[in-house]
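Subject: Structure handover

Hello,

I am passing this structure on to you. Please open it and keep it in view while you read my notes.

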Amino acid sequence: MKKVLNSIKSFFINLGNSIKKGYNVTIKSIKNFIINLINYIKTHRVISILILLGIIIYIVGILLIGFIIPTVAILFIGGITFMAKKLKKKKVPFKSVLKVALIVIFSMAIVGLISATGFILYIVKTSPEFDPEKLYNKESSFLYTIDGEEFAKLGSEFRRIITYDEMSESLIDAIVAAEDSRFFQHNGVDLPRFLKASFSQLLGKGGGGASTLTMQVSKNKLTSSEDSGIEGIIRKFSDIYNSVFKIEPQYTKEQIIEFYANSNYLGGNASGVEEASLTYFNKSAKDLNIAESAMIAGLFQAPVGYDPFIYPEDCEDRRQTILYLMLRHGYITEEEYDIAKELTVDKILANKENPNIDNKYQDFINTVVEEVIDRTGNNPYEVPMKVYTTMNLKVQDSVTNIMTGKTFEWENDKVQAGTVILNVKTGEITAVGGSRNTVVRGDNYAVNLKNQIGSTAKPLYEYGPALEFYNYNTYSPVADEHYYYSSGVEIKNWNGRYSYLIPLQDAIVDSRNTTALKTFQKVNGKQTLEFVTNMGLSPEVEDGYMHEAHALGGYNGESPLTLAAAYAVFANGGYYIEPHSFTTIEYSDTDEIYEVKPITRKVLSAETAYLMTKMLEATAPDAAGNVNGVTFAAKTGTTNFDSDTLEVWDYPSTAVSNKWVASYNDQYAVTVWYGYTSLTEDYYLTTTNYEVKAVLRAVAKNVYKENAKWNKPNSIVEVVMENATDKYANPNIVLAGPNTPDELKYTAYYRKGFEPTEVSTRFNNLANVTNINYNEETKSLTWDAVPLNDYFNEEYLTNIYNSYFTNKSDLKEQIKKLVEYNNTKIGKIIYDIYVKDKDNNLQLIGSTEELSFNYPVAETTTFVIKTNYTILKTCESTGAEFTMTIVPIVITSELNGEATINLNVGSTYTDTNPVIVLENGTTNVTPQAAVTTTIVRLSDNTTVTNIETNKAESYTITYNIVYKDYTATHVKTINIVDTQTNN
């Protein structure tokens, strides 16, 4: 062991000398070290194995969680292990235990020293050379439109470099007090602060605040801003090395402050303290007072977050913190502190708006800059380059004019919005509306927003997967009823009402919450998760699952950009294309070319994309209204405040948090977010606020100029379904019949092979009546009843609808609605009675709900009875005929006896039954006939009442017969003869 230790000692002595002299460790020293180490391992195998294991654990620990914790842990574990092994033996001498412990500790110290030495050598080798010129941009970056037209120049035009003497004393004091109070005492590293921060990090209390001004100069322009993992450790020690060995020895403290003060971006599109002073106060940095200096010093920590033009309140809070630090470190007196405290940001700002903002394309510039940094790590404001963007100048102009209020009247000055126009075929961002008060690197609500997306989630998180994995179609019936989350909490619809059984398309159009949750629960969660993440969305995932609030968009949320990219998948036949704002970069210094290769992947089938698009096309008129009179797809979304927020802020129950519209046609996707960025008493949205739709229309009218042309896959069929009523889906999934009323016809789309083939019989022609008879006594027709179809049978309907509903009371309401429809739109069965003439024309003689109809007939008559409804007349039956045959009656009459009768004077004449009336020659109906008699005396043609036989005379008796329609006249002659005189 002694030889090993001596070899180690010799090795490090030579190593140190070699580093000083600039050449490598001698081969001899390395050789001796290795030989002695191998001999020790051979003779102490157990200890050597444990030491080797400790080294491996130690190195892995350093890489994963840093230096301090692995060092403490490996020493503790190693010591316990060896102590336990020795203590197992009886009567272990204390010296032996101590020896083992010292060996372990010493071995780990060697390992730590070797690791630290290697780490230091790596830092020395990889640390960049410090060049003050690199702190400032020499060239600008240029941005070009999609057509190659230059529209922006970024870089050094908003920076003015000044010397230490050209800064006010109060500004220097404020910077030092805020960032590095012992700046003038240390040599680049504030060791007490560094150790304190390290121990705080070790204890899980955060470890920020250890960087000196010198280290920040290194970090800002030479290394990086990485703070976590092994990269963060390397960056931190690189900054220490640069500070101690490259910056502090070569430059004065005054020069280092110059580097720091001139190189940082300080909000307001200003870099460096001089430009910031002119931007905010219209004065040079040498003229800044304490109050102004504190504000400038506060911007170094978060230039965007504390930008006084955007966040004046946050800026003031930070300014107050700087003033406190200046007082605490003795740079100002109590009196100066009290005076400066009262000079708030709103009082000291000379400019109320940013004078450096003159580029109307700043929203798109911000988007491009952020993406360039994200993809390449290079900032176009700092690294000169030519960026070929995807911006359409004309479309961006229109969006900018809307956001700035030139062509759109906003409801107030507080409301905010973010919008994106995305090319669905390429993923290229065509235009961006980042906010209504655009600043350099400021808030970009189009790209960086993370808000709940409300009902715009429904096509993404439930209905899309249902179409893709469960063969849903646009008509699939879903029950909108009282329903509950798995937790037992009831879910409500936006209007507090229920539509009961409706087609899937209606569930989307009406934005039903209950059907959304039902569908979300039915679809496999892992399938849904893969589905939405492949669309570029960012759900909240725990143990591989998403909580049920995702069904209504109730999660961390999305931006207009990510939402547009997801909806673009439907427009693009099922393919996701990563959105991007530029295609190519040409670096000015190196001529290096960087090309964007957007992620492209198939997310869903073309069939699913088309089915969803047709449903969202039906939703568009309500979601956005009329845009140039053309067709497109759209869906709205609204997120609500929780009950606590409503109570705290005394908001009405109609108050809501955010509003969205996501839309697309076959070329572009357009999304809009609309809302407030903070809670206030006076400003909030309500359910009746439709401004988001107005913004969408204003933005979309510049790109939705023709009817969208959706590519219908050959595997999709279009069918006309029959709804049970004009609102409620038919539980029997059937095609519309020939008599289905137009109001009940429903165009639906199915995957081929899954479409219904059965045709509805509900509105078929009604059956004809049967068993018709004519009762001659009552002079009436009679027949048997025609039964109502099953849709009038509540028991039948209950059995059919039962499979869709979980709530029995809602099932009853569904049946009630259908019965109501039957009563108000169809009616009862009625029988229309017609008589057919010889030309087969029908004459309506009456209608009845009864099973008989009174109508006397005198001759053969053909009746036609048609079954119909009292209200709906399209289901009339063909008609059942019945003929009542009447046999023709021939009426005749004749005298009963001779027509001439001769009587002697004095004879007696009787006239009994003088005529006979017969029906059909056989039936004597004389008693029913009306017979009138007229007697005329011929001698003087006088009508008399009787015949006198006392003298010779002649008479005629006329009989007039009336029977039914029959009339006849018969004459009988009576001669009275006097035989004695022959007269």
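Below are notes on a helix pair and on a sheet.

Please bear in mind that this is a predicted model.

The helix pair

Start with helix α6, residues 169-179, and helix α12, residues 290-299. Their axes lie 8 Å apart, and the packing angle is about 40°. The crossing of α6 past α12 is right-handed.

Which residues meet here? From α6 come Ser170, Leu171, Ala174, Ile175 and Glu179. From α12 come Ile290, Ser293, Ala294, Ile296 and Ala297. By type, the contact of α6 with α12 has seven nonpolar residues, two polar and one charged.

The sheet

Now turn to the sheet. Strands of a sheet pair through backbone hydrogen bonds, either parallel or antiparallel. Here five strands form an open sheet with mixed pairing. Their order is β2-β1-β3-β11-β12. From one strand to the next, the twist averages 15°.

Look inside the sheet at β3 (residues 385-389) and β11 (residues 582-587). These two strands pair in the antiparallel sense, over five bridges. Val387 stands opposite Ile585 of β11.

What packs on the sheet? Helix α16, residues 362-376, does. This helix touches β1 (141-144), β2, β3, β11 and β12. The direction of α16 makes about 70° with that of β11.

Best wishes

How values were computed. Residues are numbered from 1 along each chain as its sequence is written. This is a predicted model: local features need pLDDT of at least 70, side-chain atom pairs count only at pLDDT 80 or more; totals for chains, interfaces and linings use all residues. Side-chain values use heavy atoms; hydrogens and water are left out. Axes are lines fitted to C-alpha atoms, for helices over the stretch in contact, and angles run from 0 to 180 degrees between N-to-C directions. Helices (H or I, at least four residues) and strands (E, at least two) are DSSP runs, numbered from the N terminus. A crossing is left-handed if the near helix is turned anticlockwise from the far one by less than a right angle, and right-handed if clockwise. Contact means heavy atoms within 4.5 Å. Ala, Val, Leu, Ile, Met, Phe, Trp, Tyr, Cys and Pro count as nonpolar, Asp, Glu, Lys and Arg as charged, and the others, Gly among them, as polar. Two strands pair if DSSP finds at least two bridges between them.
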